[in-house]
Amino acid sequence: MPITPTEKIWMNGELVAWDDARIHVLTHTLHYGMGVFEGIRAYETPQGPAVFRLTEHMARLHNSAKIMGMELPYSVEELVQATKDVVRASGLPSAYIRPIAYYGYGEMGLNTLPCSIDVSIACWPWGAYLGEEAVTKGVRMKISSWTRHDHNTMPPASKTTGNYVNSSLAKVEALKAGYDEAIMLSPQGFVSECTGENIFVARDGVLVTPPVAAGALEGLTQDTVIAIAKDFGFEVRFDYLTRSDLYVCEEMFVCGTAAEVSAVNSVDDRDIPCPGPMTTAIAAEYARTVRGEVDRYKDWLEHVH
Ligand code: PPE
């Protein structure tokens, strides 16, 4: 999806002009793929833009870095403040926000210990990730021929740049075959997640989502959806799923910061009732929650003004 430039990008403590946010071709992470990043959204509210679960996203960035053995030079609080500064400088009412921490220029070779760590935060306007009709008509899914990472190969619990090579292979394979998105299975054959979203299915009236152990990222949208589902009185649990569970489920949706809550209408050409009643209710409540329209979740909004 194309990027629309905005005013400023935060780089190592300073707001620099969009076009000046450049790095050297010998930047370490460009060669070896060890960087950690986040995807965050700010939504329009009557009090100006508010960033949804910003502190928790920055805490996850710190956890991703910890898993990678990378010591970030900025605290969660500093990164939260920097994000607010970038969004404010953009003048946008709503935005997608992309923080990234990476090994910089100056060292080459696989030893990361002497490398400098650079951090930047950019934001720009980004629309519906899986298409405007994802909630109503649903998306077509294909189980990928690519396997999700094993925990001892590339830790999937860390949102590491290099992990997304696997996601891109799966995404392009699915698109070329005429599908909207790919579902990845773990090395043990259990359903893990999509290339950039967590998965929920309804089986016997219960919502089930795969755990981190099955190779899924600990999604903040997944966590938000679980809270909303419980408020509706729906039963939710983390559990292993097989591809057959997907084929015969009563309804299915995927969720992530970029994709929000998107219904699924088929997996490997097996139709799934879409959009299901729980999906419709949760998607609508999620849209209200992120905009601060649900009182009990108002604290999840971090206002930039
Ligand atoms: N799994 C993966 C692999 C993933 O990348 C994401 C977010 C999620 C689950 C959901 O996590 P959360 O956003 O906390 O609910 N994917 C981000 C990046 C997508 C991209 O194309 O880049 C996002 O949604 O911002």
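Predicted model: local features only at pLDDT ≥ 70, side-chain atom pairs only at ≥ 80, totals over all residues.
Visitor: Is Met108 buried, partly exposed or exposed?
Guide: The relative accessibility of Met108 is 41%. Buried means under 20% and exposed means over 50%, with partly exposed in between. Met108 therefore counts as partly exposed.

Visitor: Which residues does Met108 touch, not counting residues up to four places away in sequence?
Guide: Contact here means heavy atoms within 4.5 Å. With residues up to four places away in sequence left out, the partners of Met108 are Leu26, His28, His31 and Tyr32.

Visitor: How are helix α2 and helix α3 oriented to each other?
Guide: The axes of α2 (residues 54-68) and α3 (residues 76-90) come within 9 Å and cross at roughly 125 degrees. Angles of 65 to 115 degrees count as roughly perpendicular and those over 145 as roughly antiparallel. The two helices, α2 and α3, are therefore oblique.

Visitor: How many residues of the contact of α2 with α3 are nonpolar, polar and charged?
Guide: From α2, the residues Leu54, Thr55, Met58, Ala59, Leu61 and His62 take part, and they meet Val76, Leu79, Val80, Thr83 and Lys84 of α3. Sorted by kind, the residues of this contact are 7 nonpolar, 3 polar and 1 charged.

Visitor: Is the aromatic pair of Phe190 and Tyr240 stacked, tilted or edge-to-face?
Guide: The structure holds 12 aromatic pairs, and the rings of Phe190 and Tyr240 have their centres 4.9 Å apart. Planes under 30 degrees apart count as stacked and those over 60 as edge-to-face. The planes of Phe190 and Tyr240 stand at 55 degrees, so the pair is tilted.

Visitor: How many residues apart are Phe190 and Tyr240?
Guide: Phe190 is in the loop between β9 (181-185) and β10 (191-194), whereas Tyr240 is in the loop between β13 (235-238) and α6 (243-247). The pair thus links distant parts of the chain, and its members are 50 residues apart.

Visitor: Which strands hold Phe200 and Phe253?
Guide: Phe200 and Phe253 form a stacked aromatic pair, with 4.9 Å from centre to centre and 15 degrees between the planes. Both Phe200 and Phe253 are buried. They are 53 residues apart, and their strands are β11 (residues 198-203) for Phe200 and β14 (residues 251-256) for Phe253.

Methods. Residues numbered from 1 in each chain as written. Heavy atoms only, no water. Axes fitted to C-alpha atoms, helices over the stretch in contact; angles between N-to-C directions. Helix = DSSP H or I, 4+ residues; strand = E, 2+ residues; numbered from the N terminus. Parallel < 35°, antiparallel > 145°, perpendicular 65-115°, else oblique. Nonpolar A, V, L, I, M, F, W, Y, C, P; charged D, E, K, R; others polar. Phe/Tyr/Trp six-rings, centres within 6.5 Å; stacked < 30°, edge-to-face > 60°. Buried < 20%, exposed > 50% of the residue type's maximum accessible area, 1.4 Å probe, protein only.
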